[in-house]
Amino acid sequence: AVVGTIVHQNDIEFDGYLSPSANLKFSDVPNGVDGIRAVPTAGLLQILFFFALVELAWMPASKYDGDYGVGWFGDAIEDPEEKARKLNAELNNGRAAMMGILGIMVHDCMDGKPFIFIDSN
C-alpha cells in the first residue's frame, strides 16, 4: 500500500480505462484518499466480493495462527519453534504495514499531503 501511494503520488498510472462504461480513465482518479470516491459503485462491489471470497473460502479468517499450509516459499517448515517464530514475524510485519498506511492516510486527510516530508501540492 505504501509503495502504491508513492507511485500514485508521482503521477505514475496505468494507461487505459478503469471503467470503460463510465468513461473513467486511471489518470482521472485523484491521488490519495479521495481516489476511492472516484471508483464506480460496481467496481467497489467487485473488490468487496473478491475480499469476501478470499476471506470466507480460500483463506478463512478463522485461522488465527496465520498458517494456511503453503509453507515458506513453498518449503514446509518442520521445526515448530521456527514455524512459530516466522508466523509471529509475519503477523508483526503486517501490523507495522497497517500502521504505516494508516499514518499516510491520516496525513492525507489532515492536510492533503500523505508524506510530511514531501510537498506534493
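Trainee: Which helix do the buried residues of α3 pack against?

Mentor: The buried residues of α3 pack against α1. Please keep in mind throughout that this is a predicted model.

Trainee: And which residues of α3 are buried?

Mentor: In α3, the buried residues are I101, I104 and D108.

Trainee: What about the other side? Which helix do the buried residues of α1 pack against?

Mentor: The buried residues of α1 pack against α3. In α1, these are T5, H8 and Q9. They cover an arc of only 95° around the axis, which puts them on the same side of α1.

Trainee: How many residues does α3 have, and what does it reach from its first C-alpha to its last?

Mentor: Helix α3 runs over residues 80-111 and has 32 residues. From its first C-alpha to its last, α3 reaches 47 Å, which is close to the 46 Å expected at 1.5 Å a residue.

Trainee: What comes just after α3?

Mentor: Just after α3 stands G112, with a positive phi of about 80°. K113 also belongs to the segment after α3. Its relative accessibility is 21%, so K113 counts as partly exposed; the limit for buried is under 20%.

Trainee: How far is K113 from Q9, counting C-alpha atoms?

Mentor: The C-alpha atoms of K113 and Q9 are separated by 9.4 Å, although the two residues are 104 residues apart along the chain.

Trainee: Let me step back. How many helices and strands does the chain have?

Mentor: The chain has three helices and two strands. Along the sequence, they follow the pattern α-β-β-α-α.

Trainee: And what share of the residues in the chain is buried?

Mentor: Of the 121 residues in the chain, 14% are buried.

Trainee: What share of the contacts is between residues 24 or more positions apart?

Mentor: Among contacts in the chain with a separation of 6 or more, 24% are between residues 24 or more positions apart.

Trainee: Now the loops. What is the phi of D11?

Mentor: The phi of D11 is near 60°, which is a positive value in a residue other than glycine. D11 follows α1 and is found in the loop between α1 and β1. D11 is exposed, with a relative accessible area of 53%.

Trainee: What about N23? Where does it lie?

Mentor: N23 lies in the loop between β1 and β2. N23 is not a glycine, yet its phi is positive, at about 55°. Its relative accessibility is 52%, so N23 counts as exposed; the limit for exposed is over 50%.

Trainee: And S19, is that buried or exposed?

Mentor: S19 is buried, with a relative accessible area of 10%. S19 lies in strand β1.

Trainee: Which residues does S19 touch?

Mentor: Leaving aside residues up to four places away in sequence, S19 touches L24 and P40.

Trainee: Changing topic to the rings: how many aromatic pairs are there?

Mentor: The count comes to one aromatic pair. The pair is formed by F14 and F26, whose ring centres are 5.4 Å apart.

Trainee: Why is the pair called edge-to-face?

Mentor: The ring planes of F14 and F26 stand at 65°. Planes over 60 degrees apart count as edge-to-face, so the pair of F14 and F26 is edge-to-face.

Trainee: Which parts does the pair tie together?

Mentor: F14 lies in the loop between α1 and β1, and F26 in the loop between β2 and α2, so the pair ties together parts that are twelve residues apart in sequence.

Trainee: Last topic. How much space lies in the largest pocket?

Mentor: The largest pocket holds about 740 Å³ of space. It is lined by 25 residues, and the closest to its centre are H8, V29, G32, G35 and I36.

Trainee: Which helix gives the most to the lining of the largest pocket?

Mentor: α1 gives the most, with five residues. α1, α2 and α3 each supply at least two residues of that lining.

Notes:
Residues numbered from 1 in each chain as written. Predicted model: local features only at pLDDT ≥ 70, side-chain atom pairs only at ≥ 80, totals over all residues. Heavy atoms only, no water. Phe/Tyr/Trp six-rings, centres within 6.5 Å; stacked < 30°, edge-to-face > 60°. Helix = DSSP H or I, 4+ residues; strand = E, 2+ residues; numbered from the N terminus. Expected span 1.5 Å × (residues − 1). Buried < 20%, exposed > 50% of the residue type's maximum accessible area, 1.4 Å probe, protein only. Contact = heavy atoms within 4.5 Å. Arc of directions from axis to C-beta. 1 Å grid on protein atoms, 1.4 Å probe; cavity = no way out; pocket = protein on both sides within 12 Å on 5 of 7 lines; lining within 4 Å. Points joined across faces, edges and corners; volume = space filled by probe spheres on them.
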